[in-house]
Amino acid sequence: MNRSFLRTLLGSTALITSLSAALLASPPAWAHARVQTSTPADGATLDAAPKALHIRFNEPIEAAISRITLQGPAGSALATEKAQGDPADDHALNLALPPLAAGAYRAQWVTMGRDGHRMSGAIRFTVK
């Protein structure tokens, strides 16, 4: 083998090793936003209707392009204000809720993590 080929091979090996180390050192950048906590909690049964829904994600989200829609006991969409980012927490969304009667509710959320991946899910709760 000639020296030029060996230099190229060693340089390529060093580059691959460096890239691999960089990728392995930063796995959170590859994760997607998911719900960490919510108030009310998913599956909660409440004695009194909540006045707001708060959803906190495991990573910062793009609040400006996030949304939450609320379905009532009959499955119909309920009118709500637009979900807002929490000014004190870039991981969270808040939704002011209208007065809620007894029944089962589903809050469908859509957001995007700072990694650019769109995520969606639902928080279900029941008011007694």
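1. Strand S2 (residues 44-46) pairs with strand S9 (residues 118-127) in the parallel sense, over 3 bridges. Within this pairing, Ala 44 has Phe 125 of S9 as its bridge partner. The model discussed here is a predicted one.

2. S9 also pairs with strand S8 (residues 103-112); these two run antiparallel and are joined by 10 bridges. Ala 107 stands opposite Ile 123 of S9. S8 and S9 form a hairpin with 5 residues between them, and Gly 116 in the turn has a positive phi of about 90 degrees.

3. S4 is joined to S8 by 5 bridges, and this pair runs antiparallel. Here the bridge partner of Ile 68 is Trp 109 in S8.

4. The open sheet consists of 5 strands in the order S2-S9-S8-S4-S5, with mixed pairing. S2 and strand S5 (77-78) are at the edges; each has a single partner strand, so one side of each is left without a neighbour in the sheet.

5. For the chain as a whole, there are 1 helix and 9 strands, and the pattern along the sequence is α-β-β-β-β-β-β-β-β-β. Of the contacts between residues at least 6 apart in sequence, 62% join residues at least 24 apart. Buried residues account for 28% of the 128 residues. The chain exposes about 8100 Å², of which carbon and sulfur atoms supply 61%.

6. Which residues does Phe 125 touch, not counting residues up to four places away in sequence? The list is Pro 40, Ala 41, Ala 44, Leu 46, Pro 50, Leu 70, Leu 97, Leu 100, Gly 103, Ala 104 and Tyr 105. Ala 44, on this list, is also the residue whose bridge partner in S9 is Phe 125.

7. Pro 40 is in the loop between strand S1 (35-39) and S2. Its relative accessibility is 7%, under the 20% cut-off, so Pro 40 counts as buried. Leaving out residues up to four places away in sequence, Pro 40 touches Leu 46, Pro 50, Ala 52, Leu 53, Ile 123 and Phe 125. The C-alpha atoms of Pro 40 and Lys 51 are separated by 9.9 Å, with the two residues 11 apart along the chain.

8. By the ring-pair rule there are 2 aromatic pairs. Phe 57 and Trp 109 are both buried.

9. Tyr 105 and Phe 125 form an aromatic pair that is stacked, with 5.6 Å centre to centre and 15 degrees between the planes. Tyr 105 lies in strand S8 and Phe 125 in strand S9, 20 residues apart, and this pair too links distant parts of the chain. Both Tyr 105 and Phe 125 are buried.

10. Apart from neighbours within four places in sequence, Ser 66 is in contact with Ile 61, Lys 82, Leu 93, Val 110, Thr 111 and Met 112.

11. Asp 89 is in strand S7 and, with a relative accessible area of 15%, is buried. The side chains of Asp 89 and Arg 56 are joined by a polar contact of 2.6 Å. A polar atom of the Asp 89 side chain also lies 3.0 Å from the backbone nitrogen of His 91.

Technical notes. Residues are numbered from 1 along each chain as its sequence is written. This is a predicted model: local features need pLDDT of at least 70, side-chain atom pairs count only at pLDDT 80 or more; totals for chains, interfaces and linings use all residues. Side-chain values use heavy atoms; hydrogens and water are left out. Two strands pair if DSSP finds at least two bridges between them. Helices (H or I, at least four residues) and strands (E, at least two) are DSSP runs, numbered from the N terminus. Contact means heavy atoms within 4.5 Å. Buried means under 20% relative accessible area, exposed over 50%, partly exposed in between (1.4 Å probe, protein chains only). Accessible areas come from the Shrake-Rupley method with a 1.4 Å probe; for residues, only the protein chains shown count as cover. A polar contact is a pair of N or O atoms within 3.5 Å; within protein, one must be able to donate a hydrogen and the other to accept it, and residues adjacent in sequence count only if both atoms are side-chain atoms. Rings of Phe, Tyr and Trp (its six-membered ring) pair if their centres lie within 6.5 Å; planes under 30 degrees apart count as stacked, over 60 as edge-to-face and the rest as tilted.
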